[in-house]
Structure formats: C-alpha cells, structure tokens
Amino acid sequence: LHLIEGMRTRWSEACNNAIWALGECVVRADPRVFVPFVDEALEKLFNIFVTADDMSETIAVCVARISLHFSGKVLAKIPPLIKSFLICIRNLQDDGEKEDSIFGLCTLVSNSPNMVLNEFPLFLSVVTDYWEPRDNLKNAVGTLLHKFRNEMGPQKWDEGTSSIDQNVRERMGKYY
C-alpha cells in the first residue's frame with residue numbers, strides 16, 4: 001500500500017496527508033484489503049505518534065478507525081499511549097473524525113476496559129464531548145458506560161466519576 005510508504009516524518013505534510021488518507025480508506029474500503037498491511041501501518045503510526053507531535057491528532061483518528069476492524073492489533077500497542085490518544089481525540093474539531101474516533105475508542109475499551117481505568121475522568125470527558133451524538137454513537141457510548149457502571153458497582157462508579165467536570169456530568173445525564 002503506497003500510503004504506508006508515504007509515512008516519512010522527514011516530509012511532515014506529505015506524511016500527515018498519507019496518514020489522513022489511510023484513515024479515510026479504512027472507513028470506506030473492505031477491511032480485508034488491509035489485512036496484509038495493518039501490522040506495518042500500525043508500527044509506523046505508533047512510531048510517528050511518539051516522535052512527531054504535529055501529526056498526533058491525525059494519527060489518533062487513523063488508529064481509531066483501524067481499531068474498528070482490527071482492535072486486537074491496536075490493543076497490542078496502544079495501552080502505554082492511551083492518555084495521549086485520549087487527549088488527541090478530545091481535541092478533535094471535525095465531527096466526522098471525532099465520531100469515528102469515539103466509535104473506535106469504544107471498540108477498544110469494550111475489549112479491554114482496564115486500559116482506561118487510570119484515565120477514567122479523561123475517558124468520560126472524551127466520550128461525552130460531542131454536542132449532538134447520533135443515535136448509534138449514543139448507543140455505543142451508553143452501552144459502554146452502563147457496562148462500566150455495572151462492573152464497578154455504585155460506590156466505585158461514584159468515586160470514579162466524582163472528579164469529572166460539571167459539563168461532562170451534565171452531558172452524561174442528558175445522553176446516557
């Protein structure tokens with residue numbers, strides 16, 4: 001896949017464009033097309049993520065989109081970077097990219113909930129920081145939040161959510 005070859009940080013604009021294009025292809029093409037390339041793509045994406053701040057949001061979107069189809073492969077690499085990944089998703093301005101990223105994040109977290117426990121308030125702010133989520137996004141986030149609440153129990157849930165921002169609390173109450 002030529003897009004992977006374009007991921008060279010020496011030419012950051014071209015690299016960023018290749019990463020963006022890969023993420024767009026992942027949501028539009030048959031996932032089977034990416035099977036031979038996904039490991040190499042993730043290796044490059046994570047290497048760039050830790051070395052090039054100017055592309056971190058584009059990489060976060062691309063990785064989240066890849067996780068929609070290859071969550072196991074993403075889970076093998078993302079846990080040490082989860083806080084930075086969450087911050088990037090929270091800062092996204094484009095609704096389409098943010099929605100895809102939250103769906104990808106929900107896929108990852110539903111397969112490995114412990115990954116976000118140390119960053120639980122940040123995780124909550126990310127998944128609820130969406131003005132008018134569509135029903136399918138509300139359902140995905142709501143299902144995940146209810147799963148957390150049931151597994152944590154009322155006392156631990158209250159402890160885990162006690163430090164979240166009032167705006168996050170209001171959005172959780174409104175949508176979930």
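The paragraphs below go through model confidence, the nonpolar core and the cysteines of this predicted model.

The protein chain has a mean pLDDT of 90, and 99% of its residues reach 70 or more.

In soluble globular proteins, nonpolar side chains tend to be buried together. Here the largest nonpolar core has 59 residues. Leu-45, Phe-85, Leu-105 and Phe-123 have the most contacts inside this core. Two or more residues each are given to the core by α2 (12-28), α3 (38-51), α4, α5 (82-90), α6 (95-111), α7 (120-128), α8 (135-161) and α9 (166-175). The largest share, 10 residues, comes from α4.

Apart from neighbours within four places in sequence, Leu-45 is in contact with Met-7, Ile-19, Leu-22, Ile-59, Cys-62, Val-63 and Ile-66.

Cys-62 leads on to the cysteines. The structure holds zero disulfides. A disulfide requires two cysteine sulfur atoms within 2.5 Å. For Cys-25, the closest cysteine sulfur is that of Cys-62, and the two are 9.3 Å apart, so they are too far from each other for a bond. Cys-106 is likewise in no disulfide, the nearest cysteine sulfur, in Cys-88, being 17 Å away. Cys-25 is partly exposed, with a relative accessible area of 32%, whereas Cys-106 is buried, with a relative accessible area of 6%.

Key:
Residues are numbered from 1 along each chain as its sequence is written. This is a predicted model: local features need pLDDT of at least 70, side-chain atom pairs count only at pLDDT 80 or more; totals for chains, interfaces and linings use all residues. Side-chain values use heavy atoms; hydrogens and water are left out. pLDDT is the predictor's confidence in each residue, from 0 to 100. Buried means under 20% relative accessible area, exposed over 50%, partly exposed in between (1.4 Å probe, protein chains only). A nonpolar core is a set of buried Ala, Val, Leu, Ile, Met, Phe, Trp, Tyr and Cys residues joined through side-chain atoms within 4.5 Å. Helices (H or I, at least four residues) and strands (E, at least two) are DSSP runs, numbered from the N terminus. Contact means heavy atoms within 4.5 Å.
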